[in-house]
Amino acid sequence: MKRVLTVALAAALLLLSATSAQAQEKKSKKDIQDKWKIEKIAFLTDAMELTTSEAEKFWPVYNKAEAEKKASWKSTMDAYKALNSAIEAGKDDKEVSTLLDKYLEALESGKTIDAKYVSEYRKFLSSKKVAKLFIAEEAFRRQQIHRLKKFENK
């Protein structure tokens, strides 16, 4: 029962923080994203065996980490696109070298986010539960890929 309440609380917090003013055509995409987030919350909460008090502390920190990861991914993709455009445009080696360095820097900055937040998680979770987070995230990712492949094969 506690787990159900925890999942419901986490889902409610997530939905309250989401913006509701979007165009009608984007609404279906937003609905899919919201459904995916709720499934992820339930999956991680269950896999990590979070108590209600742990979940109340965990989800705000996790959401902050996810926002940083998203921003990092965007920076990485922007740097990739700039590098790719420079190559396709036949830019000189100096410019390509600068763009390559920016791309590698963006890749590297993304790798440090998880390490940064592990110390935050350990303030209120055991190392075992933090480890379960990473295992559960990978399991959830694989589950979603499997579902997508199954959907594509229909």
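This is a predicted model: local features need pLDDT of at least 70, side-chain atom pairs count only at pLDDT 80 or more; totals for chains, interfaces and linings use all residues.
Residues are numbered from 1 along each chain as its sequence is written, and side-chain values use heavy atoms, with hydrogens and water left out.

View 1. Along the sequence, the pattern reads α-α-α-α-α. Of the 154 residues, 27% are buried (buried means under 20% relative accessible area, exposed over 50%, partly exposed in between, with a 1.4 Å probe and protein chains only). The accessible surface comes to about 10900 Å², and 58% of that belongs to carbon and sulfur atoms (areas come from the Shrake-Rupley method with a 1.4 Å probe; for residues, only the protein chains shown count as cover). Among contacts with a separation of 6 or more, 72% are between residues 24 or more positions apart (contact means heavy atoms within 4.5 Å).

**View 2. Inside the largest nonpolar core.** A nonpolar core is a set of buried Ala, Val, Leu, Ile, Met, Phe, Trp, Tyr and Cys residues joined through side-chain atoms within 4.5 Å. The largest one here holds 19 residues, and Phe58, Trp59, Tyr121 and Leu125 touch the most other members. Helices α2, α3, α4 and α5 each supply at least two residues of this core, with α3 giving the most, six residues. Apart from this core lies another, of seven residues, including Leu83 and Leu99.

View 3. Tyr121 sits in helix α4 and is buried, at a relative accessible area of 3%. Skip the neighbours within four places in sequence, and Tyr121 is in contact with Phe58, Val61, Tyr62, Ala65, Val130 and Leu133. Val61 is 60 residues away from Tyr121 along the chain, yet their C-alpha atoms are separated by 7.6 Å. Leu125, again not counting residues up to four places away in sequence, touches Met48, Leu50, Glu54, Phe58 and Val130.

**View 4. The largest pocket.** On a 1 Å grid over the protein atoms alone, a cavity is a set of points where a 1.4 Å probe fits but cannot get out, and a pocket is an open set with protein on both sides within 12 Å along at least five of seven lines; lining residues have an atom within 4 Å of a point. Grid points are joined across faces, edges and corners, and a volume is the space filled by probe spheres set on the points. The largest pocket has a volume of about 1100 Å³. Its lining takes in 28 residues, with Trp36, Lys40, Glu66, Lys69 and Lys70 nearest the centre. The largest share, eleven residues, comes from α3. By class, the lining has twelve nonpolar, seven polar and nine charged residues (Ala, Val, Leu, Ile, Met, Phe, Trp, Tyr, Cys and Pro count as nonpolar, Asp, Glu, Lys and Arg as charged, and the others, Gly among them, as polar).

**View 5. The second largest pocket.** Here the volume is about 370 Å³. Eleven residues line this pocket, and Lys35, Gln144, Arg147, Leu148 and Phe151 are the closest to its centre. The elements giving two or more residues to this lining are α2 and α5.

Conventions:
Helices (H or I, at least four residues) and strands (E, at least two) are DSSP runs, numbered from the N terminus.
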